[in-house]
Amino acid sequence: MDSADTNMRNPPNENTPNENPPNGDSVDPPTPWLNIQSRPVVPHAKMPVERTAVYYNMNHKKRGIAIILNHEHFRANLNLRSRSGTNLDSKKLENTLQGLGFDPWSYYDRSLEEVHQIIAKASTLDHSDHDALIVVVLTHGEQGILYANDGVYKPDSLWLPFTADKCKSLAGKPKLFFIQACQGDKLDSGVIMRPTETDSGTGSYKIPIHADFLIAYSTIPGYYSWRNTSKGSWFMQALCEELNENGFLLDLLTIMTFVNQRVAFDFESNTPDNPGMHQQKQIPCITYMLTRLVKFTRKQN
């Protein structure tokens, strides 16, 4: 029997037991007065791979779609600068993701309503024949918000429509989100490092609805994200280079580790006319809810 273990005082109730069962699971934060009257109906979805499989299934008919939301210009009332160099990122991404077998859907300077419509449309598609989903956003941002052409939205509105209970044809499949945007206005000046001396898979099983996501931000919360006007953003340069070189050789988490390495070691801001912004660093930030390794295989034509 499960119970809620807490140090908080229970609401007055003479029927409330003083102690919880010794071997039950507990919840945080504590809610001792929580009384769930009925269980929600748990949806079912088809297993795309055996329960204990090490790798996600990359043998469906199609790799999947890759949505690219590219924002260069913004409405005047938002008081945001144009994002010079973002079209280089978008084009590189299209080529890189096509090379991995994805079908890129590119959108340019779309409004807030259009962004929501694009995501909603993709979430209602039948992805049964797809290996995975990718969504990339290239835009301005602040901590906890992203900018469309004419307004702001929360990043989780990008992936919540694809949770396993809402988009069942992607349940158990990798859903990969890459966000190139600032998350604040802090700067990272860096530190100089100096040298020194199985299961059979026949039975059913339950997964959390937020499983099988990877959400990669170009920078950590609170910090700037850098973009070169002639080469594109640091994060997208590194991501495309690593996927081009190792997309079929290494699993995605290993690739993302080397993306972090490239951004951290190979890039530094070059703004000598603005000393406060000069020689700054950046490190991407990855939220990882995948339950298997993502390793792309080549599709047979």
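Select residues 86-99, helix α1: its 14 residues reach 20 Å from first C-alpha to last, close to the 20 Å expected at 1.5 Å a residue. The expected span of a helix is 1.5 Å times one less than its number of residues. Helices here are DSSP runs of H or I with at least four residues, strands are runs of E with at least two, and both are numbered from the N terminus.

This is a predicted model, in which local features need pLDDT of at least 70 and side-chain atom pairs count only at pLDDT 80 or more, while totals for chains, interfaces and linings use all residues. Residues are numbered from 1 along each chain as its sequence is written, and side-chain values use heavy atoms, with hydrogens and water left out.

**Stop 1: the covered face of α1**

Stay on α1 and colour T86, D89, S90, L93, T96 and L97. These residues are buried (under 20% relative accessible area; exposed is over 50%, partly exposed in between, with a 1.4 Å probe and protein chains only). Now look down the axis of α1. Its buried residues fall within an arc of 135 degrees, so they line one face of the helix. The arc is taken from the directions from the helix axis to the C-beta atoms. The background is simple: an α-helix has 3.6 residues a turn, so residues three or four places apart point the same way.

What do the buried residues of α1 pack against? Show β1, β2, β3, β9 (227-228), β10 (232-233) and α4 (234-246): these are the partners. Contact means heavy atoms within 4.5 Å.

Zoom in on S90, in helix α1. Its relative accessibility is 7%, so S90 counts as buried. Leave aside neighbours within four places in sequence, and S90 is in contact with I68, N70, S106 and L138.

Step just past the end of α1 to G101. Here phi is positive, at about 100 degrees.

**Stop 2: strand β1 and its two partners**

Select residues 65-70, strand β1. Six of its six residues are buried. I65, I67 and L69 point one way from the strand, and A66, I68 and N70 point the other way. In a regular strand the side chains alternate between the two faces of the sheet.

Strands count as paired if DSSP finds at least two bridges between them. Look for I65 opposite D103 in β2.

Which way does β3 pair with β1, parallel or antiparallel? The pairing is parallel, over five bridges. Pick N70 and find its bridge partner in β3, L138.

Show β1, α1 and β2 together. They make a right-handed β-α-β unit. To check the hand, point the strands away from you: in a right-handed crossover, the path from the first strand over the helix to the second runs clockwise.

**Stop 3**

Select β4, β5 and β6. They form an open sheet of three strands in the order β4-β5-β6, with antiparallel pairing. β4 (141-142) and β6 (152-153) stand at the edges, each with a single partner strand, so one side of each is left without a neighbour in the sheet. β4 pairs with β5 (residues 145-147) over two bridges. Pick G141 and find its bridge partner in β5, L146.

**Stop 4**

Most residues other than glycine have a negative phi.

Go to D212, in the loop between β7 (175-180) and β8 (213-217). Its phi is near 75 degrees, a positive value in a residue other than glycine. D212 is buried, with a relative accessible area of 2%.

Go to Q279, in the loop between α5 (252-266) and β11 (285-288). Its phi is near 55 degrees, again positive in a residue other than glycine. Is Q279 buried or partly exposed? Partly exposed, with a relative accessible area of 42%.

**Stop 5: V259 in α5**

Select V259, in helix α5. V259 is buried, with a relative accessible area of 0%. Draw a distance to F235: the two C-alpha atoms are separated by 7.5 Å, and the residues are 24 apart along the chain. With neighbours within four places in sequence left aside, V259 is in contact with F235, A238, L239 and E242.

Zoom out. The protein has five helices and 11 strands. Of its 301 residues, 42% count as buried. The accessible surface comes to about 17500 Å², of which 49% belongs to carbon and sulfur atoms. Accessible areas come from the Shrake-Rupley method with a 1.4 Å probe; for residues, only the protein chains shown count as cover.
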